[in-house]
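Open your viewer and get ready to click through a few stops. At each one, select the residues named and take a look around.

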Amino acid sequence: MKRIVIKVGSSILTETTNIAKERMLNLVSLIADVRKKYEVILVSSGAVAAGYTALQLDRNIPTSKKVLASVGQPILMSSYKSKFDIFNVNISQILLTEEDFDSRVHTKIVQDIIDRTLKNNILPIVSENDISTTPEQLFGDNDQLSAHVTYFTGSNMLVILSDIDGYYDSNPKDNPKAKIKKIVTEIKKEELEQSHTPNSKFATGGIVTKLKAAQYIMSKNRELFLCSGYDLSSAREFLIECTHNKGTLFTAKKDQRL
Ligand code: ADP
């Protein structure tokens, strides 16, 4: 069975002061269906935003952000658990850092844990361990973490569910005439060097970290599909019906599809 990684951003999982329960349930239902076809690893943001639903600390203060993440992890996981229970899917939580990919020994540990988890038919939910770590030990965003997870677990594809429905020729929030790109086979240096533009206050990446993730994935001959996490129809069509209507596919070679 082929393997895929699905990454979901904070803005999809939370709304103002709460977990976005309906959106999370839609995501969980999609994953339950996708699991019939692929082995799935979920990379989930949202711990800090979930923590903020219980405790309104200033997330710009490093220690407060760590406390928010530690408060938010169990909130996020229990919310996932109650929803995955409906579909009889058992979950595990795996917290990683950039250092988990910095040597063969470390990487092998991660690979073995994820392999064993999947073999036991459990859905691994991966997040960056930003609680007991320094910034140097972290990717700083789950886009790049998910790209590394994709490569090192031998997954064929990374699907990023974002607050945006694809990659545009300019920022659609500033330019209403921006056009979506359906297939991207090359990313230019200047695209990777543009300023970071996360859309929500809990988002860390913006489009640049997604492009960096795509660059990494393409260099490893894998594919990345960027689509909306609010409306999951394009992800469902792409993954289950194998049709590409909306969303952007980053692929080094046009003939390589799932
Ligand atoms: P997420 O929460 O899914 O990680 P982010 O807010 O970090 O999402 O990043 C997506 C945002 O990047 C979009 O909402 C948009 O405002 C911004 N953006 C900037 N340039 C582009 C572009 N060329 N195409 C798409 N989105 C862009």
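Before we start, one term: helices (H or I, at least four residues) and strands (E, at least two) are DSSP runs, numbered from the N terminus. Please also keep in mind that this is a predicted model.

**Stop 1**

Select Cys242. You will find Cys242 in the loop between helix H9 (233–241) and strand E12 (248–251). Most residues other than glycine have a negative phi. Cys242 is not a glycine, yet its phi is positive, at about 60 degrees.

**Stop 2: the loop between H4 and E5**

Now go to Asn88, whose place is in the loop between H4 and E5. Asn88 has a positive phi of about 60 degrees too, although Asn88 is not a glycine. Is Asn88 buried or exposed? Asn88 has a relative accessible area of 72%, so it counts as exposed, the cut-off being over 50%.

Phe87 lies in the loop between helix H4 (62–86) and strand E5 (90–96). With a relative accessible area of 32%, Phe87 is partly exposed.

Next, select Leu25 and Ile86 along with Phe87. These three form a nonpolar patch on the surface, and together they have about 250 Å² of accessible area.

**Stop 3: salt bridges**

How many salt bridges are there by the rule used here? The count comes to nine, and we will visit some of them.

Begin with Arg3 and Glu39. They form a salt bridge, and their closest N and O atoms are 2.7 Å apart. This pair links distant parts of the chain: Arg3 is in strand E1 (residues 3–8) and Glu39 in strand E4 (residues 39–44), 36 residues apart. Arg3 is buried, with a relative accessible area of 11%.

Move on to Lys36 and Asp33, another salt bridge, with 3.1 Å between the closest N and O atoms. Lys36 is exposed, at a relative accessible area of 67%, whereas Asp33 is partly exposed at 26%.

Finish with Lys210 and Asp143, whose side chains meet in a salt bridge (3.0 Å, N to O). Why does this pair tie together separate parts of the sequence? Lys210 lies in helix H8 (residues 207–219) and Asp143 in helix H6 (residues 142–152), so the parts they join are 67 residues apart in sequence. Both Lys210 and Asp143 are buried.

Note on methods: Residues are numbered from 1 along each chain as its sequence is written. This is a predicted model: local features need pLDDT of at least 70, side-chain atom pairs count only at pLDDT 80 or more; totals for chains, interfaces and linings use all residues. Side-chain values use heavy atoms; hydrogens and water are left out. Patches are made of residues with over 30% relative accessible area and no salt bridge: like charges are joined within 9 Å, nonpolar side chains (Val, Leu, Ile, Met, Phe, Trp, Tyr) within 5 Å. Accessible areas come from the Shrake-Rupley method with a 1.4 Å probe; for residues, only the protein chains shown count as cover. A salt bridge is a side-chain nitrogen of Lys or Arg within 4 Å of a carboxyl oxygen of Asp or Glu. Buried means under 20% relative accessible area, exposed over 50%, partly exposed in between (1.4 Å probe, protein chains only).
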